[in-house]
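This report covers how the parts of one structure meet. Please look at the model first; the text follows.

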Protein chains: 2
Amino acid sequence: MGTRRSADLEFAILGLLSSGPLHGYELRKRLDLLLGPLRAVSYGSLYPTLRALQARELIRESAPARQGLGSRRSRIEYELTDAGADYFAELASVAGPDAWNDDMFVTHMAFFGHTPRPVRLRILEGRRARVEERLALLRTRIEQAEHRTDSYVLLLQQYRVETLEREVRWLTDLLDRERAHAG
Amino acid sequence: MGTRRSADLEFAILGLLSSGPLHGYELRKRLDLLLGPLRAVSYGSLYPTLRALQARELIRESAPARQGLGSRRSRIEYELTDAGADYFAELASVAGPDAWNDDMFVTHMAFFGHTPRPVRLRILEGRRARVEERLALLRTRIEQAEHRTDSYVLLLQQYRVETLEREVRWLTDLLDRERAHAG
DNA sequence: TTCGTCATGTAATGGGTTACATGATTAC
DNA sequence: GTAATCATGTAACCCATTACATGACGAA
């Protein structure tokens, strides 16, 4: 358990590298786009993670295309090793116990192209159950505190309820789509 | 700069205590309801923060109503000191430079009842500008990467765009409401 | 009497953010 | 030539989470 770096960051890096080598700076931009504005990754987090993955021989530095002989390379491109490709394939094709966590779900979905449909369905259903659970909890709590709740707090809570309801609808649509495509 | 604990947690605690003394356990439940499922606060974070606030003499332990003489009190109630009440009033009535950050905005809005309307408008506008900015950035990035974007990634990005658009509409509604009430 | 919840707290661990440092390359 | 962006990296600081420890109280 030496390095327990956030599993979803490693997953996302491996996934991005699975379609070709990239250097750190570019990787960060793609990670931001993939993971969203929350869960943004800083260099102080990215580079150490890359080194950790390299140490585990899941990625390696790929020979960079040199422009001129003797030109110092300013970029370091990383690519998957065979072990890294295998590991990513496995990560993408099973629904781990945390697959419906906020962070992990997004990463999983981003790489659904590498995930068999039954697993996609399971992850989407798991995520929906998680969101519904959260929604139910929020509703009972709101109900309990209903009396004497400040009106602005109430507005916030209504917004949150609607946000969760919307996510449930979105997931339901995705599930319908998956099933339709299967039929 | 000794303790730079997350400002919004302190703000929220002071705000909750401004309507009466509470003990830690109860405080945590209310904080969860106030701050939402993300930004949940653990005891390992709450109790040290309470001690820090106490050290700064912004809160104090209030004499608990003892059931029987000599009964060990099992709850510790906290209440605002005069300095704490003043500090909270000031926090709530000015728009600090981070008032439209994700966390701080929510706390501010929760205590809008203690905030003069012009400041409310400024915070809501600042927040809306922030969200619009994020939306614009997201859109340009999506456009740049449009070609060769995986379809699942695209679905995620569309959802994010719609989420931001929705938040902008919500803020606009709140602003309209504030202005209508003022007229 | 035992389980669940209420209630308070500590310590270690881990890892992310921030700030800093450096330098190449491109555009103006 | 100079400013902005590209690009890599380090180190310290901070602090939140986690796991653990303890015990009261009410209900079943």
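## Domains and chain contacts

Taken over C-alpha atoms, the centres of domain 1 of chain A and domain 2 of chain A are separated by 27 Å. Domain 1 of chain A covers 7-64 + 76-113, and domain 2 covers 116-182. These bounds come from an automatic or database domain assignment.

This is a predicted model, in which local features need pLDDT of at least 70 and side-chain atom pairs count only at pLDDT 80 or more, while totals for chains, interfaces and linings use all residues. Residues are numbered from 1 along each chain as its sequence is written, chains are lettered from A and ligands numbered from 1 in the order in which they are written, and side-chain values use heavy atoms, with hydrogens and water left out.

**Between the domains of chain A.** Eleven residues from domain 1 of chain A and 13 residues from domain 2 of chain A make the contact, meaning heavy atoms within 4.5 Å. Trp100(A), Phe105(A) and Phe112(A) supply 55% of the area that domain 1 of chain A buries against domain 2 of chain A, more than any other three residues. Buried area is the accessible area (1.4 Å probe) that two parts lose on being put together, summed over both.

Two salt bridges cross this domain interface. The rule asks for a side-chain nitrogen of Lys or Arg within 4 Å of a carboxyl oxygen of Asp or Glu. Asp102(A) pairs with Arg134(A) in a salt bridge, with the closest N and O atoms 3.4 Å apart. Helix α5 (residues 102-110) of chain A gives the most to the domain 1 side, with four residues. Helices (H or I, at least four residues) and strands (E, at least two) are DSSP runs, numbered from the N terminus. That side divides into seven nonpolar, three polar and one charged residue. Here Ala, Val, Leu, Ile, Met, Phe, Trp, Tyr, Cys and Pro count as nonpolar, Asp, Glu, Lys and Arg as charged, and the others, Gly among them, as polar.

The contact takes 35 residues from chain A and 34 residues from chain B. Between chain A and chain B the count is zero salt bridges. α7(A) brings the largest share of the chain A side, 15 residues. The chain A side divides into 19 nonpolar, four polar and twelve charged residues.

The two interfaces are listed below.

| Interface | Buried area | Share from carbon and sulfur atoms |
|---|---|---|
| Domain 1 of chain A and domain 2 of chain A | about 1200 Å² | 67% |
| Chain A and chain B | about 3100 Å² | 64% |

**Within a helix.** Glu26(A) forms a salt bridge with Lys29(A), the closest N and O atoms being 3.8 Å apart. Both lie in helix α2 of chain A, three residues apart, about one turn of the helix.
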